[in-house]
Amino acid sequence: MTPFVPKRLEQVAFGLFLTFFMTFIITGISTVLAVGPDAPGFAGLWFVAWMSSWAVAFPAVLVVAPFVRRILRVIVRPA
């Protein structure tokens, strides 16, 4: 596969994929715990929970990530 995302958008793409997979996993676990895997309409419930959480998580990561990077520059010792 030929790379197609410009380097300047790497952090946005990282946030997009990170939140995609994290919210998928976490909402799946939460939905199983809340209603059980054999509940009627489980897939639909999970999908709604996933999309709702992703809609919040992605912009949140874009806003929070610069602050986290600054904190890490202060607390992480150089190799």
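Thr23 has its place in helix H1, and in this predicted model Thr23 counts as buried because its relative accessibility is 8%, where buried means under 20%. The side chain of Thr23 makes a polar contact of 3.0 Å with the side chain of Trp50, a residue that belongs to the buried set of helix H2.

**Thr23 and its surroundings**

- Leaving aside residues up to four places away in sequence, Thr23 touches Gly28, Trp50, Ser53, Trp54 and Ala57, and two of these residues, Trp50 and Ala57, are listed among the buried residues of H2.
- Trp50, the polar partner of Thr23, is itself buried, because its relative accessible area is 11% and the limit for buried is under 20%.

- The buried residues of H2 are Phe42, Trp50 and Ala57, and they pack against helix H1, which covers residues 10-35.
- Helix H2 runs over residues 42-75 and spans only 43 Å between its end C-alpha atoms, whereas a straight helix of 34 residues would span 50 Å at 1.5 Å a residue.
- H2 also bends by about 35 degrees at Val64, and a proline, Pro66, follows within four residues of that position.

**Aromatic rings**

- The structure holds eight aromatic pairs; in one of them, Phe20 with Phe21, the ring centres are 5.0 Å apart and the planes stand at 85 degrees, so this pair is edge-to-face.
- Phe20 is partly exposed, with a relative accessible area of 26%, and Phe21 also counts as partly exposed, at 47% relative accessibility.
- The rings of Phe47 and Trp50 form another edge-to-face pair, because their planes are at 85 degrees, with the ring centres 6.3 Å apart.
- Phe47 and Trp50 both lie in helix H2, three residues apart, which is about one turn of the helix; Phe47 is partly exposed, with a relative accessible area of 48%, whereas Trp50 is buried, at 11%.

**Charged side chains**

- Side chains of opposite charge can pair when their charged atoms come close.
- A search of the whole structure finds one salt bridge, and the side chains of Lys7 and Glu10 meet in a salt bridge with an N to O distance of 2.5 Å.
- Lys7 is exposed, because its relative accessible area of 64% is over 50%, whereas Glu10 is partly exposed, with a relative accessible area of 38%.

Definitions and conventions:
Residues numbered from 1 in each chain as written. Predicted model: local features only at pLDDT ≥ 70, side-chain atom pairs only at ≥ 80, totals over all residues. Heavy atoms only, no water. Helix = DSSP H or I, 4+ residues; strand = E, 2+ residues; numbered from the N terminus. Expected span 1.5 Å × (residues − 1). Bend = angle between axes of the 7 residues up to and from the residue. Buried < 20%, exposed > 50% of the residue type's maximum accessible area, 1.4 Å probe, protein only. Contact = heavy atoms within 4.5 Å. Polar contact = N/O pair within 3.5 Å; in protein donor to acceptor, adjacent residues only side chain to side chain. Salt bridge = Lys/Arg side-chain N within 4 Å of Asp/Glu carboxyl O. Phe/Tyr/Trp six-rings, centres within 6.5 Å; stacked < 30°, edge-to-face > 60°.
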